[in-house]
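Please look over the sequence and the fold before reading on.

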Amino acid sequence: VAKRLAGKTVLITGASSGIGRSTAFEFARTAAPAGGLKLVLTARRVDTLKQIAADIQAEVGDGVKVLPVQLDVSKPDEVRGFVEKLPEEFKEIDVLVNNAGLVKGVAKAPEISEEDVDIMFSTNVTGLINMTQAILPIFLRRSNGGSGDIINIGSIAGREPYAGGSIYCATKAAVRSFTDSLRKELIASRVRVLEIDPGQVETEFSVVRFYGDKAKADAVYAGVDPLTPDDIAEVVVFVAGRRENVVVADTLIFPNHQA
Ligand code: NDP
């Protein structure tokens, strides 16, 4: 796998915490023996990204190059000019991990504020679509109709809706639908369009869901044994590290208790 990743450029959205952060480390650790990997780490909290980049670099050395870049995927203007502003050596992206996402609130649909509906859709859905549209031209310029990987982080919530999560579930169902359509549109290319749908993973996700209320967030995981972000990161790197002809299109991964 290290050899397959050698020379590739991987862009991860939402790399400042949780699954995105772990995925950055996992790519770096896996690719380090062969070297040549470039990582573009994006999120809104750029200082956190800088620290993560330094930590990765300290762990794996210079064989992996890491570039932290501030990017809010929900802002079309930021996404539009994003690739052009990258330093030349990071522009030729091979793998896009569309991971940035969030849920705000647990409440019945009429009680979810317009603002929260907007932030969930503009991040989880429009943000993911904007990123895909920004990066796809790079993939499609390549020979044989194009190549590259788009790895979308959906959710079990996109398959099994639950009361109190109507908006979030709808965003993740939209991700699923977009991913499946895009895979069909790109069938003549060598571009792989892949989705990974996690169940319960302990990250900052629930802190965000409860507007920063750590006690409420911790209560979600009390008495259960959630996945760790590393569990998901391993799968992301696994699907990206398959032979070019192998498409691990759709992965559902959840903790045993959640079955
Ligand atoms: P975290 O809250 O730990 O991480 C979310 C990441 O998304 C952060 O790095 C955050 O960075 C980033 N982000 C949020 N909004 C934006 C934005 N507008 N632009 C750019 N980056 C943004 O949660 P997880 O790691 O758990 O979540 C990652 C993905 O996994 C999400 O898509 C989530 O829906 C999905 N998921 C999570 C599950 C779980 O149980 N944890 C279960 C199923 C799916 P910053 O704030 O710095 O911008």
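## Overall build

Helices here are DSSP runs of H or I with at least four residues, strands are runs of E with at least two, and both are numbered from the N terminus. On that count the protein has 10 helices and 7 strands. The model is predicted.

How does the radius of gyration agree with that of a compact globule? For 259 residues, a compact globule would come out near 18 Å; the protein has 18 Å, so the two agree. Along the principal axes, the C-alpha atoms fill a box of roughly 50 × 40 × 35 Å.

## The sheet

Seven strands form an open sheet. Their order is β3-β2-β1-β4-β5-β6-β7, and the pairing is parallel. The edges are β3 (64-70) and β7 (250-253). Each edge strand has a single partner, so one of its sides has no neighbour in the sheet. On average, neighbouring strands are turned by 15° against each other, direction ignored.

Strand β1 (residues 9-13) runs parallel to β2 (residues 37-43), and 5 bridges link them. Within this pair, Thr-9 stands opposite Lys-38 of β2.

Helix α6 packs on the sheet. The strands it touches are β1, β4 (95-98), β5 (147-153) and β6 (190-198). The direction of α6 makes about 175° with that of β4.

## The α6 and α7 pair

Helix α6 (residues 114-140) also meets helix α7 (residues 166-185). Their axes come within 9 Å and cross at roughly 10°. Angles under 35 degrees count as roughly parallel, and α6 and α7 are therefore roughly parallel to each other.

Which residues make the contact? From α6 come Val-117, Met-120, Phe-121, Asn-124, Val-125, Leu-128 and Ile-129. From α7 come Ile-167, Tyr-168, Thr-171, Lys-172, Ala-174, Val-175 and Phe-178. By class, this contact has 11 nonpolar, 2 polar and 1 charged residues.

## Around the ligand

The ligand is surrounded by 31 residues. The closest are Gly-14, Gly-18, Arg-44, Arg-45 and Gly-101. By class, the shell holds 13 nonpolar, 14 polar and 4 charged residues.

Which helices each supply at least two residues of the shell? They are α2 (18-31), α6 and α8 (205-209). The largest share, 3 residues, comes from α2.

Conventions
Residues numbered from 1 in each chain as written. Predicted model: local features only at pLDDT ≥ 70, side-chain atom pairs only at ≥ 80, totals over all residues. Axes fitted to C-alpha atoms, helices over the stretch in contact; angles between N-to-C directions. Parallel < 35°, antiparallel > 145°, perpendicular 65-115°, else oblique. Contact = placed C-beta atoms within 7 Å. Nonpolar A, V, L, I, M, F, W, Y, C, P; charged D, E, K, R; others polar. Pairing = 2+ DSSP bridges. Near = placed C-beta within 6 Å. Rg over C-alpha atoms; globule rule 2.2 N^0.38 Å.
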